Amino acid sequence: FFSSYGEVKLETATVNVTIQDFVADVVSELAFRNMQQVSREAMFIFPVNSDTVVHTFYAVMGDTYIEAMLWEKEEAQHLCKATSDMENLRYLQEQSDLWGLVFACFLGTLPPNGEVTISLCYVQELPMQPDGAARFCWPRELFPQITYFSRNLDREEMPETLHFSICLKSDRGISHIDINSSCSPLQYTAPDQTSAEVSLKLPPCLQDDLNLLVYFRGSHPLSAVVEKKYPKAPPGSLLGDPVVMVTLMPNIPEVACNPGQLGEFLFLMDRSLFQDAQLSHLSSAHPSICPQNTLLFLLKSLPVGCYFNIYSFGATFKAFYPQSVEYTQESMDSAVGRISSICPDVGGCDLLGLLKSIYSTPLVHGHPRQLFIFIQRKVSSEEEVVMAEVYRYRDQHRCFCFPTNRCDSFHLSQAMALETKGECVCIHSRMDMAAEAVKCLQRALQPLASGISLHWNLPPGLEVSMIRKAPEMIFWGHQSSTYAQIHGQAQDPEVGEGAVTLQYHVGRQSFASTLRFSLSPSADDRLPVHRMAMMHLLRKLAWEETSRAEKDIQHSAVKSSLSLGVPSPFTSNVAVRMNQRDAWHRDSLPPDSSMLFSPSCNLVPCQLLWLRGSKPVWFKSTKFWMVQKCQFCLETLGHKAPDTGALIQLSASCK
């Protein structure tokens, strides 16, 4: 992930993680050394996802100091034109073996035995496990290498190469942790067990990523983290007011007592699949990948009263109906009769246009939207543009994706499923596409929470403005975080509590739960909740048409995001290289100080970058990717006359 050369070795790592309910604040310092007698050009890359904000990055190489800085988009584009070595990022984007979004910074030449110390800080929303635990990951590549022999030494004899401390906080109380590494006992630092600390002794065995599960006391469907305002910011601005992060974890029974929640099911079929089905039919082979049969089985498995539609896509897309129709015997018979009219198409693959069309159609009230996407071609649009569109509407739908093992859009399919909390099933020639699709449909029909709303009760004088609204639906085993800004002045300063009530439906049952929270939290100068709220506010402002008043909010928010280091559609990174002694005076420079830097030597390529290789960068995707590769190897071996050369090449690329 982090170096193109094994000879550039991570020698020491100091990591401090603070986890408060479902938000993590990470501060790390990583020292790398070039172990070879030749110079190496160094590039640092770090995988990020849609719930991660890398807000601080700087590197020290000898007397040189490199810092990533945010600039407004127009100014950043001007700076990029004056930045040398930008071709390194373009080369990385096209030639890297990785796929997905990364933070990338070109560091320059690392001399023989030269050292570079990286400081990386980020905040991140943590996913919830089905058992309610918050999950934090740290990549195996960012642990110093420790030999098997050194693992058996006493702790006192261990080389001091790793300092990894974790601070846990929650008003609900910390119950226990589960971690795949040797660590110190959990030490509570508050009498009511609302805070605790733990430190790693050794990295995980077998070069695994670190996986930490944090369990909280009780099973309340709500948690709240309130963060104080930044004292230097003007009142009324996002930084100048307290912000609350509310995590919604509805109690969803696995079997609804009164099932009344059906759904809107949209089936998206790649028309090139129908070409393959015709060829299979002509050769008298048993077609395991048969789109006609798959659609037939899915249609006959839908519950009466739901809504559905079928789309076929290629260079263009077509819908069976202008809008989703209610599922009845008559509408099902009509759809079955139209399956044979889908014509094969091996031209372009306009999935983006189809998704935009679907997202622009109104949701059917009371029927959660779920997409089943069958695809085997590379999409015509850039994959990052498709993912941006999926992310924009991720709270309104779920994707089940079925790429074939020949599919050039396999990673995109997996990312769409992960982003919307759906599933991705790779279909190969020994699998029955129809059977796999029906299994996913059965999971899609499981109970979920819908009709979600939040109601606030604050002391007189205080009001709340939602930054990120509650989602349309929450699936079993998942959570969703909302953010709100608390502004105004309490009429009675003695009243130090507020309350929020979550209301939702599961089937025809209604549920409500209220949580009281303190309005006087302890100060956190690092502002992790404000940073996450800022990210969501800026994305919302970028997606929605803004009024004149909202333009003022946007201008203020962008200005604040530059000081907090929160990237957005309105900003972009460019790094600055300077001497260490000049770095001490950097804070005194004005925000528009780009004219002070010499473009030929002081600007460094540094961006959020979408890589287009073959291996996914996200931690939770990697093992799934390996399983699919092994599956493909086994399938190749199963043929009577396998292409030995191709198989050797494939297995070598998979290590």
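Select Ser-409. Beyond its neighbours within four places in sequence, Ser-409 is in contact (heavy atoms within 4.5 Å) with Ile-375, Arg-377, Lys-378, Val-379 and Glu-383. This is a predicted model, in which local features need pLDDT of at least 70, side-chain atom pairs count only at pLDDT 80 or more, and totals for chains, interfaces and linings use all residues. Residues are numbered from 1 along each chain as its sequence is written, and side-chain values use heavy atoms, with hydrogens and water left out.

Stay on Ser-409. It sits in the loop between strand 21 (397-403) and helix 9 (410-419). Helices (H or I, at least four residues) and strands (E, at least two) are DSSP runs, numbered from the N terminus. Ser-409 is buried, at 0% relative accessibility. The cut-offs are under 20% relative accessible area for buried, over 50% for exposed, and partly exposed in between (1.4 Å probe, protein chains only). Now show Val-379. Its backbone nitrogen lies 3.1 Å from a polar atom of the Ser-409 side chain.

Next, select Cys-343. Look for it in the loop between helix 6 (329-338) and helix 7 (351-360). Is Cys-343 buried or exposed? Cys-343 is exposed, with a relative accessible area of 51%. Arg-271 and Cys-343 are 72 residues apart in sequence, yet 6.8 Å apart in space, C-alpha to C-alpha.

Move to strand 17, residues 307-313. Of its 7 residues, 6 are buried, so the strand is largely enclosed by the rest of the structure. Which strands pair with strand 17? Two strands pair if DSSP finds at least two bridges between them. Take the partners in turn.

- Strand 16 (residues 264-270) pairs with strand 17 in the parallel sense over 7 bridges. Pick Leu-268: its bridge partner in strand 17 is Tyr-311.
- Strand 18 (residues 317-319) runs antiparallel to strand 17, joined by 3 bridges. Ser-312 has Lys-318 as its bridge partner in strand 18. A hairpin of 3 residues links strand 17 to strand 18.
- Strand 19 (residues 325-326) pairs with strand 17 in the antiparallel sense over 2 bridges. Here Tyr-307 stands opposite Glu-326.

Then go to strand 1 (residues 8-20) and strand 9 (residues 162-169). These run parallel and are joined by 8 bridges. Val-15 has Phe-164 as its bridge partner in strand 9.

Last, colour by pLDDT, the predictor's confidence in each residue, from 0 to 100. The chain averages 85, and 84% of the residues score at least 70. Select residues 153-158. Their pLDDT stays under 50, and the model has 4 contacts for them beyond four places in sequence. Finish at residues 281-286. There the pLDDT is below 50, and the stretch has 1 contact in the model beyond near neighbours in sequence.

Terms used:
A polar contact is a pair of N or O atoms within 3.5 Å; within protein, one must be able to donate a hydrogen and the other to accept it, and residues adjacent in sequence count only if both atoms are side-chain atoms.
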